[in-house]
Amino acid sequence: MAAAHLAIEHVNKLGVLPGYLLKLITNDTKCDPGVGVDRFFHALYSNKIIIMLLGTSCSNVTESLANIMPYWNILQVSYGSTSPVLSDRTKFPLFFRTVAPDSSHNAARISFIKHFGWSTVATLTLSQQPYLLSLNNFVNELEAANISCVATITFSLENFKEQLRVLKELDTRIIIGSFSAKIAPKIFCEAFNLKMYGKDYVWILQNHNILWWKNSQKDCDHVFLQKVMESLILVSDYNILLGSETAVSTM
C-alpha cells in the first residue's frame, strides 16, 4: 500500500502523464475471488473513471478479475500473482505483472537436480489450479532435460495420506511438490509419520515466504516439522536490489 501511494505521488509530481491527475481507490479483496469481483464492480459504478487496476497479490483473485477486465478495456497490473495461468496472453490480453511467474524457476530447479546427478524424480501436486498447470509445464521441461519423472501424483485434502503412501512405495527419493503453504504442514506431518525425510530424501518446493514449519498441527508438533525441514529445498525469487545507479525516473 505504501509503495502504491508513493508511485501515485511520483507520477503526479513528475508529470509522467500530462493532463492527468491519478487517484488511488483501495479495496481489500480478502484473497477471495467473489469479494474481489464485488469490490471491483463497486468501484466501477462509483461514477469515477477507472483507467487501471493495480493488483491483486492472490493469483486466484487476479485470475477472476483478469477474465472480466477486457469487457471494460481496463489495464490490470499485478505485483504479486505468480500463477503460470496468467501468462496466457490470448486469454488475458490486458494483464501484466511486475513479478515473475512460478514457472520462471523451472530452469533453476532443473539445474539444481542435474548438479547433484539425480536422474529420477516424482511429483506431488494438489489437484487444483494453478498447482496442476505449474507442475505439468515443469514435467515437460524435465523430460527435455533427460530427467525421468516416474510418477505425477495428485492429491486432495481427503486423500493426501493415501497418496503419500503410494509415493513412498515408489521408492523415489527426489520429490518435487506443488501445493500451498497452508497445506504444507499437513503434508509434512504425514511425511514425518512415514519417515519420508532425512539424508535419503530431498523435497523441492516453491517458497511462499511463510514460515509454515513453525505451526504445530494436531498430533504433530512443530519440532517434527522442523525435522522434516532438513530434507527440504525451497526455491524463491531473489529480491535483493543491488547497486545505487540512477533509474530511468532520474531517482
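Student: What does the charged end of R173 sit over?
Tutor: In this predicted model, the charged end of R173 sits over the ring of Y201, 4.9 Å from the ring's centre.

Student: And which side chain meets R173 in a salt bridge?
Tutor: That of D171, with 2.8 Å from N to O. R173 also belongs to a network of salt bridges that links D171, R173 and D200.

Student: Is R173 buried, exposed or partly exposed?
Tutor: Partly exposed, because its relative accessible area is 30%. D171 is partly exposed as well, at 48%.

Student: Where else does an arginine lie over a ring?
Tutor: R109 lies over the face of F138. The distance to the ring centre is 4.4 Å.

Student: Back to salt bridges. How many are there in the whole structure?
Tutor: A search of the whole structure gives four. One of them joins R165 and E190, whose closest N and O atoms are 4.0 Å apart.

Student: Where do R165 and E190 lie?
Tutor: R165 lies in helix α6, and E190 lies in helix α7, residues 184-193. They are 25 residues apart in sequence, so the pair ties together separate parts of the chain.

Student: Is E190 buried or exposed?
Tutor: E190 is buried, with a relative accessible area of 9%. R165 counts as partly exposed, at 37%.

Student: Which side chain does D28 meet in a salt bridge?
Tutor: D28 meets K30, at 3.9 Å from N to O. K30 is exposed, with a relative accessible area of 56%. D28 has 45% and is partly exposed.

Student: New topic, the sheet. What is the order of its strands?
Tutor: The order is β5-β4-β6-β7-β8. These five strands form an open sheet, and the pairing is parallel.

Student: Which strands stand at the edges?
Tutor: β5 (148-155) and β8 (232-235). Each has a single partner strand, so one side of each has no neighbour in the sheet.

Student: How many degrees does the twist average from one strand to the next?
Tutor: The average is 20 degrees.

Student: What holds strands together in general?
Tutor: Strands of a sheet pair through backbone hydrogen bonds, and the pairing is either parallel or antiparallel.

Student: How many bridges join β6 to β7 here?
Tutor: Three bridges join β6, residues 174-178, to β7, residues 202-206. The two strands run parallel.

Student: Which residue in β7 is the bridge partner of I176?
Tutor: I204 is the bridge partner of I176.

Student: Which strands does helix α5 touch?
Tutor: Helix α5, residues 131-144, packs on the sheet and touches β4 (120-126), β5 and β6. The direction of α5 makes about 165 degrees with that of β4.

Student: And which strands does helix α6 lie across?
Tutor: Helix α6, residues 160-170, lies across β4, β5, β6 and β7. The helix runs at about 165 degrees to β5.

Student: How far apart are V166 and L241 in space?
Tutor: They are 43 Å apart, C-alpha to C-alpha. In sequence they are 75 residues apart.

Student: Now the rings. How many aromatic pairs does the structure hold?
Tutor: There are 12 aromatic pairs. Among them are F192 and Y197, with ring centres 5.3 Å apart.

Student: Why is the pair of F192 and Y197 called stacked?
Tutor: Their planes are at 15 degrees, and planes under 30 degrees apart count as stacked.

Student: Is F192 buried or exposed?
Tutor: F192 is buried, with a relative accessible area of 17%. Y197 has 23% and is partly exposed.

Student: Which residues form one aromatic cluster?
Tutor: F40, F41, Y45 and W72 form one.

Student: Last one. Where is S59?
Tutor: S59 is in helix α3, which covers residues 59-72. S59 is buried, with a relative accessible area of 17%.

Student: What is S59 in contact with, leaving aside its neighbours within four places in sequence?
Tutor: S59 is in contact with S81, T82, S83 and L86.

Note on methods: Residues numbered from 1 in each chain as written. Predicted model: local features only at pLDDT ≥ 70, side-chain atom pairs only at ≥ 80, totals over all residues. Heavy atoms only, no water. Pairing = 2+ DSSP bridges. Helix = DSSP H or I, 4+ residues; strand = E, 2+ residues; numbered from the N terminus. Axes fitted to C-alpha atoms, helices over the stretch in contact; angles between N-to-C directions. Contact = heavy atoms within 4.5 Å. Buried < 20%, exposed > 50% of the residue type's maximum accessible area, 1.4 Å probe, protein only. Phe/Tyr/Trp six-rings, centres within 6.5 Å; stacked < 30°, edge-to-face > 60°. Lys NZ or Arg CZ within 6 Å of the ring centre and 35° of its normal.
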